[in-house]
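Open the model in your viewer and keep the sequence panel in view. The stops below say what to select and what is there.

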Amino acid sequence: MRVIVTIQHPAHVHFFKHAITELEADGNDVYVFARENEVVRDLLESYDIDHEILAGESDSLFSLARVQATYEARLLARARKIKPDVITAIGGPAATHVAKLVGAKSVVFYDTEHATLIKMLAYPFADIICTPECYDGDIGSKKVEYPGYHELAYLHPDRFEPDPAVLEEAGLEPDDTFVVMRLSSWDSSHDMGQGGFNDPIEAVERLEDAGATVLITSEVPLPDELEANRMTTSPEQIHDLLAYADCFVGEGATTAAEAAILGTPAVYVNSLSLGYMQELEDEYGLVFNFNDEDRHARSLEKAVSIIENRDEETWQRRRNRLLADRVDVTDVIVRELETVLTTDPDRSTVAANAD
């Protein structure tokens, strides 16, 4: 089986990395194409994933359209030579369009209900759309639900064990209280007009006053006052830090969900609400969502409370319950990529040979 995997965000690297390894170990040919975005290139190289960057970064909605068009045209050119059986992506307008043009199947994974452009541009062309069970939206017969979250493709305990050496590399002692903070750029198509913290400087000061060291990972340039808080560890170590942090506080849903799955309470500060984030709060009490106009003040009150009342046993107990309910999502990825071909008689022998 010939598989094309498309990557347009750092989280996509993590999502697909174990599936790529398993597919290749099973004798399949896997081709990875990416769009430059934040640390995508660094992550692909650090995980030794052979890849090709097809387009650069964007800094506005207009440039995003131009970059995306370039990316899709170049992906089409590569796919015509490769003749893939299946193309996969998170979101995936380019993947689904190119798959139709070259006669391949397309499998899309998605968990963001408010991304209307993805629904308009990708869903109509996809063969399979895989979502967590908590996804709030009617996709129709193409939808395949699974009991999990994207982050369980790489943070399930069968896939990941945190390395305590990260603490020393970050200049921390094992008993230090620290918070990981994430600041977003708000330039994605589904983030336009949204917001998180009113004042990141004031947020950091509140957390530090509560006794925490604050380590910041940011998609945007930091004010001079916060440069000393910037994380200095390598990008692939973010999950090790999250696992040992006392709290995550930030604007990024992916990082908040990652923290929760690792047993670290997450305070999510974003005007957008998401089905899986709400489930992580309502069902497991590992995320605290602050989406209203007073999100800045209320989120910091919650974060300070978590820091001042450290209770690791409670968070680990909640995490264990989550893991008992949910699956290793890499298994879902591999299964769907292999079984989508069996729906097409002309490709059924390819799927059989991939078992």
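A residue counts as buried when its relative accessible area is under 20%. The model you are looking at is predicted.

**Stop 1: a covered helix.** Select residues 253-261, which form helix α9. Of the 9 residues here, 8 are buried, so in terms of that cut-off the helix is mostly covered. Colour Ala253, Thr255, Ala256 and Ala257 as buried, then do likewise for Glu258, Ala259, Ala260 and Ile261. Next, move on to Gly263, which follows α9 and has a positive phi, near 90 degrees.

**Stop 2: a pocket.** Now select Ala243, Tyr244, Ala245, Glu312 and Gln316, the lining residues that lie nearest the centre of the second largest pocket. The space in this pocket comes to about 490 Å³, and 24 residues line it. Which helices each supply at least two residues of the lining? Select 238-244 for α8 and 312-325 for α12 to see them. The largest share comes from α12, with 4 residues. By type, the lining has 14 nonpolar, 7 charged and 3 polar residues.

**Stop 3: the cysteines.** How many disulfides does a search of the whole structure find? The count is 0. Select Cys130 together with Cys134: the sulfur of Cys134 is the nearest cysteine sulfur to Cys130, yet it is 14 Å away, and Cys130 is in no disulfide. Is Cys130 buried or exposed? Cys130 is buried, because its relative accessible area is 0%. End at Cys247, which also counts as buried, with 0% relative accessibility.

Conventions: Residues numbered from 1 in each chain as written. Predicted model: local features only at pLDDT ≥ 70, side-chain atom pairs only at ≥ 80, totals over all residues. Heavy atoms only, no water. Buried < 20%, exposed > 50% of the residue type's maximum accessible area, 1.4 Å probe, protein only. 1 Å grid on protein atoms, 1.4 Å probe; cavity = no way out; pocket = protein on both sides within 12 Å on 5 of 7 lines; lining within 4 Å. Points joined across faces, edges and corners; volume = space filled by probe spheres on them. Nonpolar A, V, L, I, M, F, W, Y, C, P; charged D, E, K, R; others polar. Disulfide = S-S within 2.5 Å.
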